[in-house]
Amino acid sequence: MDQTREYDVVVIGGGPAGENAAQYAVEGTGMTAALVEGELLGGECSYWACMPSKALLRPVAVADITADLPGVSTAHVAPKALLERRDAWVSHYDDSGQVTWAEGAGIDVLRGHGRLSGERTVSVVSSEGTTTVRGRRAVVLATGSVARVPDLYADVQAWDSRDATGVVEVPDRLAIVGGGVVACEAAVWMTALGSQVTLLVRDRRLLGRVEPFASDAVLEGLRERGVTVHLGAEVTDVRRDAAEATGTGRVHGGAVTLTTSAGEVEADELLLAIGRSPRLDDVGLDSFGVTPDDVTGGRLPEWLHAVGDASGGPPLTHWGKHQARVVGARIAAAAAGEVAWEPDREAPVPQVVFTEPEVASVGMTEAQARDAGHDVVTSRVPTSSAAGTGLLRDHVVGDAQLVVDTQSRLLLGATFVGPEAGELVHAATVAITGGVPVHVLRHAVASYPTAAELWLRLLEELPREFRTPPD
């Protein structure tokens, strides 16, 4: 019988959240850590989500700009080269670089499916057998999430997000069920690759967690690109002949027919983009009486932690990495008999949607702030109202908005739509994190002519009394 291997920290899941948890727990401490990963080290983000999707979207965005920017020849997307760029950014699905990083950080990589088999104990199952490891100080669940596949779609071999980012065979007609980030972004790059895309959205708008004006801008942008969008469309039946698991990114069988409240839709492939669930079903929680709801509810024994998608929080890489840094620091501090310093307010969660136009937001929407009991004032200006933004292209679409608490004069939320949106939002993230009131923000001088000048336009639109401290 193999002897149990011991580490100070064992992390199940080697994606960005797992990597950060292991690194922050042991760096500079002399403690040991192991990452348990059954697939590619680097996780969903590196190979199937953030990196490949943005590698596909950026050239499309550049081509769009050249079509609206005099003085430069209009560029066109080259599908073969676009997919080659994707392959380069995912390292051709080779994780040796990630392994080199882990080894350089003093972290052992254990290949196989990690499953809790008791208190502080993890069984790692691989083709070579089972290895038992123990986390003396902590075990971290960083197992990520899985795409949701309702029973209605169980037998049709629909694409999930991995097929969309890992596309090899471009279907002539692609139906996408969903109206969130994955659905909207995939519609952009699949259209650029040559698919005729139909988006079936159950809700009455896209991107239900952002401001309505941002949803409207993305809807218009998709329709201008040639995407057919049906809002309020409920799928009641799905049929497909010769459904077959042909491999990631390949067409999975014959034509698909969807019966919907918007009429019948036929496609050569179907992409399900209706959300993801924490991957907690086969991680051994029952071995010591913990349930998935306990994990997502934060009801865990002191030695067990959850980070990233597995924690049930926002399924965003940067949020998972932030959680992991916090948890790692707590583990390291506890080992030293200390308490890790943390800010006294919860960190806001920014998000960027890389559509055309781009959408970036952080904090609360106006509706969320009011529902939370805040008395708020908003300011909204056209994104084109700053000279620096207007110079980026001839036709700048979209608005920007701030949500401010009238009592504290603190920023509660911000939304930017249009060019440079993803770069503009970080200033809002800093302002919310630091508790900077808007009368102080007015004195953060933006360079001219840059997109950041949009901040001054927004702050000037607030009531004049917000320019000085409250009485």
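Two residues are in contact when heavy atoms lie within 4.5 Å. The model shown is predicted, and local features need pLDDT of at least 70, side-chain atom pairs count only at pLDDT 80 or more, and totals for chains, interfaces and linings use all residues. Residues are numbered from 1 along each chain as its sequence is written, and side-chain values use heavy atoms, with hydrogens and water left out.

View 1. Leaving aside neighbours within four places in sequence, D294 is in contact with G289, R299 and L300. D294 counts as buried because its relative accessibility is 16%; buried means under 20% relative accessible area, exposed over 50%, and partly exposed in between (1.4 Å probe, protein chains only).

**View 2. An open sheet of three strands.** The order is β11-β12-β13, with antiparallel pairing; two strands pair if DSSP finds at least two bridges between them. At the edges, β11 (235–240) and β13 (263–267) each pair on one side only. Strand β12 (residues 256–260) is joined to β13 by five bridges, and T259 stands opposite E264 in β13.

**View 3. Helix α8, residues 212–224.** The end C-alpha atoms of α8 are 18 Å apart, which agrees with the 18 Å that its 13 residues should span at 1.5 Å a residue; the expected span is 1.5 Å times one less than the number of residues. The buried residues of α8 include F213, A217 and L222. Just after α8, G226 takes a positive phi of about 105 degrees.

Definitions and conventions:
Helix = DSSP H or I, 4+ residues; strand = E, 2+ residues; numbered from the N terminus.
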